[in-house]
Amino acid sequence: MSHSISQAKNHIRKTLWKLVDKEPSRQEKAALWRYFNSECAYCGRKLSKADRNGHLDHLDAGLSVGRNHLSNRVLACNICNGDEKREMDWEKFLGLKCGEDEAAYVIRHSTIIEWRKRCGPPPAMDPAIIAQVQSSVEICNKVLDEECKRIKMLLSDPRA
C-alpha cells in the first residue's frame, strides 16, 4: 500500500497525540458497544465484533485534545466511518445518512448527545504538554518535508 506525504503526516500527528490522549480501554469500548446496542450510530446497521465491521469513530475528527475521549467516540460501521464520513461534521453526516427520515435523525442524534453527556468532558490537559505535542508534530512534519525534498533532488540529479 502506498501512502502520500499528507497521510504520513496524519499518522505522525495521531501517533504523537496518542501518547498523551490514550485510546479507550477494553472496558470503555465494551460499554460503547452496549450503549449503541451493537448498531452504527449513523445508519443503524447491526454490527458484530466478530466481523470486525464496527469502528470507534471520532465524532469531531479535528480535535487534538480529547480526541480519543469516549465523549468523542461513537460506534460506526466500516462504511459510514471508513468510506463516507471521513472528516465531515458528524451532525451534517447524520443528516445526510437519515435523509428524509426525520424521526431516525432525532433518535440517533439524541442517542449520541446522551452518550456524550454520560461520558462527560475529557480531562483537562496541561497547556505545556499540549504545546510540546504541537511543536513535536511541526518538527516531525518539517523533517519529513526536508527529507522528501532531498530525496526528490537526488532522483532528479544523482550527482547532487
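A residue is called buried when its relative accessible area is under 20%, exposed when that area is over 50%, and partly exposed in between (1.4 Å probe, protein chains only). The model is predicted, so local features need pLDDT of at least 70 and side-chain atom pairs count only at pLDDT 80 or more, while totals for chains, interfaces and linings use all residues. Residues are numbered from 1 along each chain as its sequence is written, and side-chain values use heavy atoms, with hydrogens and water left out.

A search of the whole structure gave seven salt bridges, a salt bridge being a side-chain nitrogen of Lys or Arg within 4 Å of a carboxyl oxygen of Asp or Glu. One of the seven salt bridges pairs Lys85 with Asp57, at 3.3 Å from N to O. Lys85 lies in helix H3 (residues 78-85) and Asp57 in strand S1 (residues 54-58), so that the pair links distant parts of the chain, 28 residues apart; helices (H or I, at least four residues) and strands (E, at least two) are DSSP runs, numbered from the N terminus. Lys85 and Asp57 are both buried.

Glu23 meets Lys18 at 3.5 Å, N to O, and the closest N and O atoms of Glu23 and Arg73 are 3.4 Å apart. The latter pair links distant parts of the chain, 50 residues apart: Glu23 is in the loop between helix H1 (5-18) and helix H2 (26-35), and Arg73 is in strand S2 (residues 73-77). Glu23 is partly exposed, with a relative accessible area of 32%, and Lys18 is partly exposed at 40%, whereas Arg73 is buried at 4%.
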